[in-house]
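I opened a new page in my notebook for this one. Here is what I looked up, entry by entry.

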Amino acid sequence: MRKKTFWIAYIFLLLVQLIISNYFRFTPYIMLSILPVMVLCISTRLDTLWTMLIAFATGMTVDLLSEGLLGLNALALVPVAFFRNPIIQLIFGKEIFARKEDFTLRSSGFAQVGLALLLAQALFLVLYIWADGAGMRPFSFNLYRFLASLGAGFLLSLLTLNVLVTDSRE
């Protein structure tokens, strides 16, 4: 049952990301994206190749239906999917793969989950901002954009996490 509810929530959050991308552009310094946390929360039972394909399809959907720059979200999201297992293993340990379970806020704690979210968000933003700027913006602008987007994206990711990840003990 968790599989069905996860993918329904994933599609719902993809629609939320489309709304965010189309209607919530407050400043050029903040780029809001919940895509990295969505990819990070995909089940650890799914192998990296499938996760990368899902990330590519998710990124291209956002690119086609909102951003206007074809491939930008996909370019930044596929490496998040590629490094998803190493990030999870680094922060939560190898046991999570051995037990074939997913991380939750309740079982892993806020510090570990928060660090995983920050790493995924940071990787996404570095690639997104680098590709979006294409060497045309000054380093200081890109740095401010990265820091502001990381802070705002982290807070938004915490809300998203509660939609995607549910503890089976609840």
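**Aromatic pairs**

I began with the rings, and a search of the whole structure turned up seven aromatic pairs. For a pair, the ring centres of Phe, Tyr or Trp (its six-membered ring) must lie within 6.5 Å; planes under 30 degrees apart are stacked, over 60 edge-to-face, and the rest tilted. Phe6 and Tyr10 make a tilted pair, with 6.0 Å between centres and 40 degrees between planes. The two sit four residues apart in helix 1 (residues 2-23), so about one helical turn separates Phe6 from Tyr10.

A note on the model itself: it is predicted, so local features need pLDDT of at least 70 and side-chain atom pairs count only at pLDDT 80 or more, while totals for chains, interfaces and linings use all residues. Residues are numbered from 1 along each chain as its sequence is written, and side-chain values use heavy atoms, with hydrogens and water left out.

Are Phe6 and Tyr10 buried or exposed? I found Phe6 buried, with a relative accessible area of 4%, and Tyr10 is buried with a relative accessible area of 4%. My cut-offs: buried is under 20% relative accessible area, exposed is over 50%, and partly exposed is in between (1.4 Å probe, protein chains only).

Next I looked at Phe110 and Phe154, an edge-to-face pair at 6.5 Å centre to centre with 70 degrees between the planes. Phe110 belongs to helix 8 (residues 110-133) and Phe154 to helix 9 (residues 139-164), so this pair ties together parts 44 residues apart in sequence. Phe154 is buried, at a relative accessible area of 15%.

I also noted a cluster: ring pairs link Phe6, Trp7 and Tyr10.

**The whole chain**

How many helices and strands does the protein have? I counted nine helices and zero strands, taken as DSSP runs numbered from the N terminus (helices are H or I with at least four residues, strands are E with at least two).

The radius of gyration is 15 Å, close to the 15 Å that the globule rule gives for 170 residues, so the protein is as compact as a globular protein of that length. That radius is taken over C-alpha atoms, and the rule is 2.2 Å times the number of residues to the power 0.38. Along its principal axes, the C-alpha trace spans about 45 × 30 × 25 Å. Of the 170 residues, 47% count as buried.

I checked contacts too (heavy atoms within 4.5 Å). Among those between residues at least 6 apart in sequence, 75% join residues at least 24 apart.

**Two residues up close**

I picked Val80, which is found in helix 4 (residues 72-82). Val80 is buried, with a relative accessible area of 2%. Setting aside neighbours within four places in sequence, Val80 touches Pro36, Val39, Ala120, Leu123 and Phe124. I also looked up Ala57, 23 residues from Val80 along the chain: their C-alpha atoms are separated by 13 Å.

Then I turned to Phe56 in helix 3 (residues 48-67). Is Phe56 buried or partly exposed? Phe56 is partly exposed, with a relative accessible area of 43%. Apart from neighbours within four places in sequence, Phe56 is in contact with Ala74 and Val78. Phe56 and Ala81 are 25 residues apart in sequence, and their C-alpha atoms are 8.9 Å apart in space.
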